Amino acid sequence: MRRQKLADLRAAGFDPFRANVAPTHFSQDAKALHVDEQDNTVTVTVAGRLVTFRVQGGSSFVKIQDQQGQIQLYFRKDVLGEERYGVFKKSLDLGDIIGVTGTLFKTKTGEITVRIESFTLVSKALRPLPEKWHGLSDAEQVYRQRYLDLIVNQESRHRLMTRARIVSAVRRFLEDRQFLEVETPVLQSVAGGAAARPFQTHHNALNTDFVLRISLELYLKRMLVAGYDRVFEIGRNFRNEGVSRRHNPEFTMLEVYQAYSDYRGMMTLVRDLLTHLVRDVVKPLDADGQPSTKIKHAQSGQEIEFGGEWREVKYKDLIIEKTGDSEWFSRSKDEKVAGVQKLGLYADPKWEEFELTNEIFGKLIEPNLIQPTFVTHLPKELCPLAKITQDDATTIDVFELIIGGMEVAPAYSEQNDPDVQRSMFEAQAGEEQQKIDHDFLLALEHGMPPAGGMGIGIDRLCILLTGAESIRDVILFPQLRNALN
RNA sequence: GGGUCGAUAGCUCAAUGGUAGAGCAGCAUCCUUUUAAGUUGUUGGUUCCGGGUUCGAAUCCCGGUCGACCCA
């Protein structure tokens, strides 16, 4: 039927797919031009997709939607003429993309509307839009055909628009502080900087195997060696692991490195960044409609308070608090196995001691840290890339920022002693083992300034700041299995 | 990888083992300030796929595909 309309238009000498318009304004900018008591004095050209269609005899109201939102259009037979009005009624369908020119006025219900003087069909929708009231709710179709979700579900439009604004604001925030954005390789010989299974690939011309990066860290540190004292990268990492509400095989990471700083400097930086994003980008309102710094956490239902001081606590203190055992860290491995089991968790005697302890942290502590919390002084086995704490050789100078029960940002005082770095790589154990990048060690031997470094999972940050349920809701096209037909 | 649940018209959803339906969209009709517009009429189905049980399967059983949630 829609194809018939298209054929009819073409037969009449008009091909919508060869037409175009020159919009003068986006929808909301256009509406802002209307002056009260002065109807039909301002002319605008706007364009967008037809999303509601209310034809009533000789006059009709329709709405189009563009990047900024929707704007109502008013078509009259006596303005357009019999023939054009007929074309409007007969040839257009919901979902079509049109450009229109007309004057702004306010309807008797108070909605600023464009009184149409001319219109052009610039793209014909050959398939119908999903239902207008319920939108698109089939999760699979929402993800596979995200464009439909974004057309009809305002909530998705807003959430994913907010993500774009968050990423943009992060860039500006860092650039204002003289950080340089750099781009480092996705194809790497060694998947360093984290412990994760990488995707493997092969370069034909070089006849070389590569992996897709699992972290940005080691190349950004080479840039510190290079004398770029403040660098950051916002880039995609890839991990060949499970898919869940918090994991997508490709995800976006921000990593920031600042020479002559340390993990405490990163603490200030990340808190300033997040409060800026909440106050100036997300701009939540409280129950009375006043600006707030609280965002509702979808999983727990609690309000997360981003303003004020954030809790800071040592990893060991959290473990001692949870186990009720002040001597936990001097217990034998067998005692730790028993202790973990006593807390109702599975404990495998084959695990390393730090893994037993970390099971308690991961299962019982982290998920309950809803308010922003800096967990500091993690066991050194959890990361080989940080500096050892001066007065406690079992911990490292790092924090993990936990919000909403999720690790949002780890930060370190970066290890810059090449010999210590090498021995820490070699001493790695358990699940946390990272591959050794010898070229990176070579770079360190040339001298890297002392530095603070930090990573922020942008997807997880967006989950928190938009109150989303799942990582899939903040990624435009989340990974799904192939749908063969 | 394991468990639970789900897949029916373009979309949102119904349907005791007994003729597969509604709303919206579509099509036709009336309507010159509507707000999920309204009016009258109407088209539309490989019930995810493949087997099985049965006189008879959207419905019960087995296998598969895809998805959601939980667990690892």
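Begin by selecting Asp93 in this predicted model, which is found in the loop between helix H4 (82–91) and strand E4 (97–106); helices (H or I, at least four residues) and strands (E, at least two) are DSSP runs, numbered from the N terminus. Because its relative accessibility is 11%, Asp93 counts as buried, where buried means under 20% relative accessible area, exposed over 50%, and partly exposed in between (1.4 Å probe, protein chains only). Show the side chains of Asp93 and Lys5 together, and you will find a polar contact of 2.6 Å joining them. A polar contact is a pair of N or O atoms within 3.5 Å; within protein, one must be able to donate a hydrogen and the other to accept it, and residues adjacent in sequence count only if both atoms are side-chain atoms. Not counting residues up to four places away in sequence, Asp93 touches Arg2, Lys5, Leu50 and Lys124, contact being defined as heavy atoms within 4.5 Å.

A word on conventions before moving on: residues are numbered from 1 along each chain as its sequence is written, while chains are lettered from A and ligands numbered from 1 in the order in which they are written. Local features need pLDDT of at least 70 and side-chain atom pairs count only at pLDDT 80 or more, whereas totals for chains, interfaces and linings use all residues, and side-chain values use heavy atoms, with hydrogens and water left out.

Next, colour chain A by domain: domain 1 covers 2–129 and domain 2 covers 152–310 + 371–473, with bounds that come from an automatic or database domain assignment. The C-alpha centres of domain 1 and domain 2 lie 46 Å apart.

Now select RNA strand B and the protein residues around it. How many residues surround RNA strand B? There are 42, and the closest are Lys108, Thr109, Lys132, Glu140 and Arg472; a residue is near a molecule or strand if one of its heavy atoms lies within 4 Å of it. Of the atoms of RNA strand B that come within 4 Å of the protein, sugar and phosphate account for 61%.

The elements that give two or more residues to the surface near RNA strand B are strand E1 (43–56), strand E2 (59–66), strand E3 (69–76) and helix H5 (139–144), and H5 gives the most, with 5 residues. Coloured by residue class, this surface divides into 13 nonpolar, 12 polar and 17 charged residues; Ala, Val, Leu, Ile, Met, Phe, Trp, Tyr, Cys and Pro count as nonpolar, Asp, Glu, Lys and Arg as charged, and the others, Gly among them, as polar.

Move on to strand E8 (residues 200–203) and strand E9 (residues 208–212), which pair in the antiparallel sense over 4 bridges; two strands pair if DSSP finds at least two bridges between them. Within this pairing, His202 has Asp209 as its bridge partner in E9, and Gln200 has Val211. E8 and E9 form a hairpin with 4 residues between them, and Asn207 in the turn has a positive phi of about 45 degrees.

Asn40, in the loop between helix H2 (27–32) and E1, has a positive phi of about 60 degrees although it is not a glycine, and at 34% relative accessibility Asn40 counts as partly exposed. Lys283, in the loop between helix H9 (263–282) and strand E12 (294–296), is likewise not a glycine and has a positive phi of about 50 degrees; Lys283 counts as exposed, at 51% relative accessibility.

Finish at the loop between strand E15 (373–376) and strand E16 (388–389), where His377 is placed. Is His377 buried or exposed? His377 counts as buried because its relative accessibility is 14%, and its side chain makes a polar contact of 2.9 Å with the side chain of Thr376.
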